[in-house]
Amino acid sequence: METGEVRTTAGEYEEDPATMSKSTFSPGAQLNVPEDCRRTRRIIAEDPDWSLNIVPCLSNLCLQSIVKNFKEKPIYEKLTPVEKDLIQERLSPSLPLDVTASMISDGVYWKRCCEQRWELCDVSHYGHSWKRMFLERSMENIIELFIPGVTEPKTVQEMVSYCKNYIKRLDISQLLPPIKEPKKEEDEYALELASDNDYDTPSMDHFDFNILLDKLTSLEELHLVYRVKQCGMNFEWKMFEMTDRDCVSLATALKSCKTLKLLRLHQSHIEDKKCRLLVKNLLDHPSLRELDFSHNLIGDRGARAIGKLLSMSKLEILNLCDNDIRDPGAKALAHALSKNSTLLSLNLRLNRVRDEGGQAIGKALMNNNTLLHLHLGANEVTGLTAIALSKVLVQNNTLKCINLSCNNLGENGGKALEEAMSCNTSLTECDIRLTKVDDQIVSAINKTICLDPLQDPQQAPKPLFGNLLSGGKTSMHVHTLGCALACTGSCVLPLIKTVMSSG
């Protein structure tokens, strides 16, 4: 027996394990490979916590594969609700809309997309739908950054194909004009010598809504402002107005959008001509319920056109705040109001209506049983209009709110309103701030409203603050501080500071 060998009980010899590692084999030696592998096999785990018990199940591996290859081979509809939730949590928010818009339902995925793109995401403004929020705001961004002559209309058309069934509201805060080429010195000198007529001709157009509105089959609200938010040193007044060509284009587009319920076109330099053209295309609109042309330049001719619209449509809310409407325009609106049975709110604040127009509105309300809110604040009406409205309050039990603030009603107007309030059981707000009405009369009116026996005590408005100015000529009766600020703007801020500082 040689060294390194041991004898077994059967009399056979085997190699000693102590010297096995030192054994050498010649290159031509024949080895029993399977038996040698079994002897030297070892499991060395790189992860000390590795275990067969935590090996991913096949379904999870499949879901990971779906997420990884979703752009090339999207699979979603055939999954279970639990699997769909897992997919939404893992998909990349940077996937193109042509893949996700029609396939991924509202949920966590769209929430992640919104929060990645915008810091402020209030989903309550979008019917608590993250998908609707993402698609609406994406479309708004495309329109607001659209440059005529530079941006391809195909960009908008492609976006429409993805989201036309989800967009219910568009709030466009700016519309960019075409890019103007740099002017030469000779051109600048020629412009200085140009006539006013040349200056007034439309020189720029904006986004053409004809390529969009007729395709948005669910659009209900459209908010527009023709302006540029950050023009910097390139400021021009024409950046803040709608051109004639813009008006023609928008009017045609509005007529084609049959689902529109609210149109708000403000701060866009709309005068009578443009107003009449827009209204002409809205006369037979089947669904329009709210129209807001506030902060424009609409005069009496535009008001007459809107009066015709009141007679032929089913408008419920009309806002013409801060325009240039005078008595003839107010009388046209009053004539339409006397025959109207749908309008609930009329806002003529910050116009130039005098007593002739105010009395016409009062007379119209004698035959109207639907209007709930009337705002004539900051006009030029006096006690004669207050007397006309006091007659309405005696007979009309529909009106809920009248605002006559910032007018010169005087003592006679205040007394007429006080006497009428004793016979009225429906009014919940009568705002006569800054009207030169005695404080005692104002207090009596407020007391009558607050102590109305037919009114729910929990809903009864309370005077916010009174006797704000020395001299006893002002008082307030509003629901909230926000309403007060909306009515008078910055002029009430010093008064609020005075009240707060006095404790």
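**Figure 1. The largest nonpolar core of the predicted model.** In this predicted model, the largest nonpolar core is made up of 109 residues. Met139, Leu170, Phe209, Leu212 and Phe293 have the most contacts inside this core. The element that gives the most to the core is helix α6, spanning residues 130–144, with 6 residues. In general, nonpolar side chains of soluble globular proteins tend to be buried together.

**Figure 2. Surroundings of Leu170.** Leaving aside residues up to four places away in sequence, Leu170 touches Glu136, Met139, Glu140 and Ile143, as well as Leu212, Leu216, Leu219, Glu221, Leu222 and His223. Two of these neighbours, Met139 and Leu212, are listed together with Leu170 among the core residues that have the most contacts.

**Figure 3. Glu144, a buried acidic residue in helix α6.** Glu144 lies in helix α6. The residue is buried but has no salt bridge. Its nearest side chain of opposite charge belongs to Lys229, at 4.3 Å, whereas a salt bridge requires a nitrogen within 4 Å of a carboxyl oxygen. The side chain of Glu144 does make a polar contact of 2.8 Å with the side chain of Ser173. Apart from residues up to four places away in sequence, Glu144 touches Asp171, Ile172, Ser173, Gln174, Leu176 and Lys229.

Figure 4. A search of the whole structure finds 0 disulfides. Cys57 is in no disulfide, and the nearest cysteine sulfur, from Cys62, is 8.7 Å away. Cys57 is partly exposed, at 37% relative accessibility. Cys121 is likewise in no disulfide; for this residue the nearest cysteine sulfur is that of Cys114, at 5.4 Å. The cut-off for a disulfide is 2.5 Å between sulfur atoms. Cys121 is also partly exposed, with a relative accessibility of 23%.

**Figure 5. The salt bridge between Glu271 and Lys274.** Glu271 and Lys274 form a salt bridge in which the closest N and O atoms are 3.0 Å apart. Glu271 is partly exposed, having a relative accessible area of 22%. Lys274 counts as buried, at 6% relative accessibility. Across the whole structure, a search finds 11 salt bridges.

**Figure 6. A salt-bridge network around Arg326.** Asp324, Arg326 and Arg352 are linked in a network of salt bridges. Arg326 is partly exposed, with a relative accessible area of 34%. Asp324 is partly exposed too, with a relative accessible area of 28%.

**Figure 7. A salt bridge between two loops.** The side chains of Glu380 and Arg354 meet in a salt bridge, with an N to O distance of 2.7 Å. Glu380 lies in the loop between β9 (373–375) and α15 (383–395), and Arg354 in the loop between β8 (345–347) and α14 (355–365), so this pair ties together parts that are 26 residues apart in sequence. Glu380 is partly exposed, with a relative accessible area of 36%.

**Figure 8. The protein chain as a whole, for orientation.** The secondary structure of the protein chain comprises 19 helices and 11 strands. Of the 503 residues in the chain, 43% are buried. Among contacts between residues at least 6 apart in sequence, 74% join residues at least 24 apart.

How values were computed: Residues are numbered from 1 along each chain as its sequence is written. This is a predicted model: local features need pLDDT of at least 70, side-chain atom pairs count only at pLDDT 80 or more; totals for chains, interfaces and linings use all residues. Side-chain values use heavy atoms; hydrogens and water are left out. A nonpolar core is a set of buried Ala, Val, Leu, Ile, Met, Phe, Trp, Tyr and Cys residues joined through side-chain atoms within 4.5 Å. Buried means under 20% relative accessible area, exposed over 50%, partly exposed in between (1.4 Å probe, protein chains only). Helices (H or I, at least four residues) and strands (E, at least two) are DSSP runs, numbered from the N terminus. Contact means heavy atoms within 4.5 Å. Lys and Arg count as positive and Asp and Glu as negative; His and the chain ends are not counted. A polar contact is a pair of N or O atoms within 3.5 Å; within protein, one must be able to donate a hydrogen and the other to accept it, and residues adjacent in sequence count only if both atoms are side-chain atoms.
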